[in-house]
Amino acid sequence: MPRGKPSDDPFYAHELPGLDGLNAASATCKYEENVCAYMEEQGMAPCERVVYILQKGSDNQRRTVLEHLGVTVADGAANETLPILQELNESMWQLEVDVQITGAAAIKVAIPALPAQHLNLLIDLTDTMLQLKEDRLYEVWSDVYVLLLKHLPEDVVYNRMIDVTLKKGELSEPVYSRVLCCRLIGGFCDRAASEVHMERFLEKVPALCQDTDRSVRAAMCRQFYVLASLMGGSVVYREMIIRELFDLLLDEEPEVTKAAFVSLMDLADVFEPPFRKERAYPVFKEYIKKPPPAMDTLLTENFGKYLWAVKSEVASAGDSDVELFTQYYTAASEDGPPATRRACAYNLPAVCASLPVYYFNMHLHPVLKHLASDSHVESRVCIAAGLHEITKLLGNKSYTVLKGTFILLLQDKDPVVQKVLIQNMNVVLDAFSSQVGVGEEKERYFSQLVPPLLQYLETTAATSIAKLQPLYTHLVHFPNYFSSAYLHGTFLPVLLKHLKNGPRALVPQCAGIIVLFCRKLCNTALEGDVFSKLIMDFGKSKSYWNRLSFIEICRATLRHYSRRYFRERFFEHALELSKDPVSAVRRRLCMFLPELKRSLKPPAEVELMANLIQAVSKLQTDTNPDVLEAIRTASKQVDDIEKEIRTTEFEKDTTDAEKEIEEQVLKEAAMEQDKLERRQKIREMLQNDRHEKNSQEGKKGKRCSNDSSSSSRLPPAPSGPIVRQPVGGVSQPVGSRIVSPGVRNLEKKTRISALRASSAPKR
């Protein structure tokens, strides 16, 4: 103890045990070591060790062997387990309470594995334990008694257990004994006891229903369902059960009233429709109108279950009753505490199933939108977990009604909500895809789902295996929803980033999805671009991680494409990895060699076979021991495949043939498309040339028309002086336009005539 602190300081007294406590713990450890050493010295068998520890061990050792009692009994023979049961029967009542509780749980696990002739010992043991005055033991050992009833032989049940059960129900017995009597009566019903024996129990039922203790009355209420299931054909006993049940509905104790109401709604499935309409439905309706405070939680937690039990009565009652139930449900979902709103979200699929579909838009759709954006996370989780069920129930209306809710939940800030939604995303999207139109309408509809899905794929789930793995299982269905443009331009770039930087454990799955998307593009040009990028960015990458991923790409290509296509595209690039400087890449290639060999099934090129043999020979001379071990294993498999090729005639692989035919059709379609595109280009070039030629001819024609029009009329007299040109030149007024030679001759003759007239003598 530190100096300066008094010895009675309470903090030190509680933090550290005293010297006596330390000595006691040390003595216990030493004692346990001595027990274990003695058992080792004696060479005891497992069952003998259990008996010895129950006799001599510490409480910790006893708890340990009891926790593993089920395994010990299952592995041991019948004669070996009998001493264990005898020791439990003799010493269990003397042990500590915690050890006794552990023993009850262990015996429940061991009962199914015990021989029938040994179960009588457990009846005596259970009776002894129930007689101890300890409240914590009553419930756990009562469970042992009820479980025993299911596994005891019939002669023991009818000769011993019936009298024991009826005796436990006497009013003079303790309360726990009378409660156990009620549970055992239900256990007899589960065993389908004969009608003669059941009459003895049913005579006891009214007394237990009118017991002075509320726990006994409630326990008897909980057995009405199994009693009615067995004796429902007897009108007398059925009316007796109904009479007692309705009396207990009026009980002053809330515990009894709850149990009676639960039994009433359970019996709605057992008895005829008139019982539901005349007895069960009015009570349920009255509770919904004026819910008792003690029943409110029970009603909201089981609202969907109870509404489903009386759905036919609700439908036949009309809109007024539907309004009553939906108003109660809406008020609880909007104004209730978080636990109530969560219960409403949990029950929403059952409520949708219980009401006609045309009520959804009016009454339940607002509830769905409110709970999907509820501030309580558990409410949103329940909505996300049940959205696929609501999608099934709404039929062809779900794609318009639930799209906004699906997007809202997918963009939720809580990762648990997103994870739960993703688990059943394919069911929702399949329903949307089957209901929406085809072509542009489908592409336009699913284009609205691309941004939230892309955001989740890029950010939320980018680095988490727990989030990516369930999402990858649904990505394989994306070609059914989205067009090739979205697969190639939106999702493939993100997946390529995942393949480079994502979790290594998901590389095979990611590579498979990438190759599948390429297969579904139905465009050889886009497909070739993606594969060329894969070869350059992964097969020839400087990062050995990417080169390892390239092998998974090759493996996925073999799954989704024909062998011929793989040989043309990837075979040589895969064999290049046999020269890789990193041993891990070479070792991984060795593990892939058998699949490469199978891709060379006849007919295959001789050159490729030679290249494979050369790569195997090179790897067999590798200096790395891991690579050598891998190539030895792979070489045996390759040799076996080679023998299979030589000694047996390969059956035609119809799947590979179908893939090859499909690829050939796509190839021919692509070639035809190329021809059409070339023809279209040639046609456009010819049209452009013709258009240019016509435009040039049009310009020439316009100039000729201008010349002819100007020659048909006289030009105005020149206003400027005549400028003489050199010999052979043309005279024209300054600023005037150029005129033709014919016009100039006419002008000249006109001027000469005018001069002659002016120079003639006057008479």
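## Overall make-up

The model is predicted. The protein chain holds 763 residues, and 43% of them are buried. Its secondary structure comes to 42 helices and two strands.

Contacts in the chain can be split by sequence separation. Take those with a separation of 6 or more: 69% of them join residues 24 or more positions apart.

## Helix 24 with helix 28

Helix 24 spans residues 377-394, and helix 28 spans residues 425-435. Angles under 35 degrees count as roughly parallel, so helix 24 is roughly parallel to helix 28. The crossing of the two is left-handed.

Helix 24 brings H388, T391 and K392 to the contact. Helix 28 brings V427, V428, A431 and F432. By class, the residues of this contact are four nonpolar, two polar and one charged.

## K392 in this contact

K392 sits in helix 24. It meets helix 28 as one of the contact residues. Is K392 buried or exposed? With a relative accessible area of 53%, K392 is exposed, because the cut-off for that class is over 50%.

V427 is 35 residues from K392 along the chain. The C-alpha atoms of K392 and V427 are 8.5 Å apart.

## Helix 16 with helix 17

Helix 16 covers residues 254-267, and helix 17 covers residues 273-289. The two axes come within 10 Å and cross at roughly 140°. That angle makes helix 16 oblique to helix 17; roughly antiparallel would need an angle over 145 degrees. The crossing is left-handed.

Which residues make the contact? From helix 16 come T257, F261, L264, M265 and L267. From helix 17 come F275, A280, V283, F284 and Y287. The classes are nine nonpolar, one polar and no charged residues.

## T490 in helix 32

T490 belongs to helix 32, which runs over residues 484-501. Its relative accessibility is 16%, so T490 counts as buried. The cut-off for buried is under 20%.

What does T490 touch, leaving out residues up to four places away in sequence? The partners are V450, L454 and A485. P451 lies 39 residues from T490 along the chain, and the C-alpha atoms of T490 and P451 are separated by 9.5 Å.

## Cysteines

How many disulfides does the model have? The count is zero. A disulfide is a covalent bond between the sulfur atoms of two cysteines. The count rests on a distance cut-off: the two sulfur atoms must be within 2.5 Å.

C47 is buried, at a relative accessible area of 9%. C344 is buried too, at 2%. C522 is exposed, at 51%.

## Backbone at C522

C522 lies in a loop. That loop joins helix 33 (507-520) to helix 34 (524-539). Phi of C522 is near 55°, a positive value in a residue other than glycine. Most residues other than glycine have a negative phi.

Terms used:
Residues numbered from 1 in each chain as written. Predicted model: local features only at pLDDT ≥ 70, side-chain atom pairs only at ≥ 80, totals over all residues. Heavy atoms only, no water. Axes fitted to C-alpha atoms, helices over the stretch in contact; angles between N-to-C directions. Helix = DSSP H or I, 4+ residues; strand = E, 2+ residues; numbered from the N terminus. Parallel < 35°, antiparallel > 145°, perpendicular 65-115°, else oblique. Left-handed = near helix turned anticlockwise from the far one by under 90°. Contact = heavy atoms within 4.5 Å. Nonpolar A, V, L, I, M, F, W, Y, C, P; charged D, E, K, R; others polar. Buried < 20%, exposed > 50% of the residue type's maximum accessible area, 1.4 Å probe, protein only.
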